[in-house]
Amino acid sequence: MEIINVVKSSIKSKMDRASFEMNMILNDPTKENAVDLFEEALQKFTAAQAQIAVIEMVGGQVEQYKEQLDETQANSSSN
């Protein structure tokens with residue numbers, strides 16, 4: 001699970017960066033290429049958001065597998 005937490009942290013960092021970029025553009029919408037820059041930042045943010053959803057799903061599956069494995073081992077030990 002450690003690797004999942006590390007990856008999730010990295011992705012959240014990317015989301016924070018993209019959010020910062022969007023806010024900077026919103027604070028100065030007259031900046032050259034503001035629309036293009038905003039769209040790029042938005043794309044980065046939504047891609048990272050989708051990655052978070054996937055990594056959380058994978059983490060949930062890993063937890064379920066561990067619980068099943070623990071249950072199977074506990075049943076084997078009691079027999």
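## A tour of two helices

Select R17 and E21: both sit in helix 1, four residues apart, which is about one turn of the helix. Keep in mind that this is a predicted model. Now show the side chains of the two residues. R17 and E21 meet in a salt bridge, at 3.2 Å from N to O.

**Stop 1: follow E21 across**

Is K44 buried or exposed, or something in between? K44 counts as partly exposed, at 45% relative accessibility. Show R17, E21 and K44 together. The three are linked in a network of salt bridges.

**Stop 2: the two helices**

Zoom out and colour the helices. Helix 1 covers residues 2-27. Helix 2 covers residues 34-78. At what angle do helix 1 and helix 2 pack? The angle is about 160°, and the axes lie 8 Å apart. Angles over 145 degrees count as roughly antiparallel, and helix 1 and helix 2 are therefore roughly antiparallel to each other. Their crossing is left-handed.

**Stop 3: the loop**

Select N33. You will find N33 in the loop between helix 1 and helix 2. Check its backbone: phi of N33 is near 65°, a positive value in a residue other than glycine. Most residues other than glycine have a negative phi. N33 counts as partly exposed, with 45% relative accessibility.

**Stop 4: another bridge**

How many salt bridges does a search of the whole structure find? The search finds three. For another, select E56 and K8. Their side chains meet in a salt bridge, at 3.7 Å from N to O. This pair links distant parts of the chain: E56 is in helix 2 and K8 in helix 1, 48 residues apart. E56 is partly exposed at 43% relative accessibility. K8 is also partly exposed, with a relative accessible area of 22%.

**Stop 5: a buried residue**

Move to I55, still in helix 2. Is I55 buried or exposed? Buried means under 20% relative accessible area. I55 has 15%, so I55 is buried. I55 and N5 are 50 residues apart in sequence, but 8.9 Å apart in space.

**Stop 6: a pair with a gap**

Select E63, which is also in helix 2. E63 is partly exposed, with a relative accessible area of 34%. E63 and N27 are 36 residues apart along the chain, and their C-alpha atoms are separated by 42 Å.

**Stop 7**

Pick out V58, which is found in helix 2. V58 is partly exposed, with a relative accessible area of 30%.

**Last look**

E56 and K8 join helix 2 to helix 1. R17 and E21 both lie in helix 1.

Technical notes
Residues are numbered from 1 along each chain as its sequence is written. This is a predicted model: local features need pLDDT of at least 70, side-chain atom pairs count only at pLDDT 80 or more; totals for chains, interfaces and linings use all residues. Side-chain values use heavy atoms; hydrogens and water are left out. Buried means under 20% relative accessible area, exposed over 50%, partly exposed in between (1.4 Å probe, protein chains only). Axes are lines fitted to C-alpha atoms, for helices over the stretch in contact, and angles run from 0 to 180 degrees between N-to-C directions. Angles under 35 degrees count as roughly parallel, over 145 as roughly antiparallel, 65 to 115 as roughly perpendicular and the rest as oblique. A crossing is left-handed if the near helix is turned anticlockwise from the far one by less than a right angle, and right-handed if clockwise. A salt bridge is a side-chain nitrogen of Lys or Arg within 4 Å of a carboxyl oxygen of Asp or Glu.
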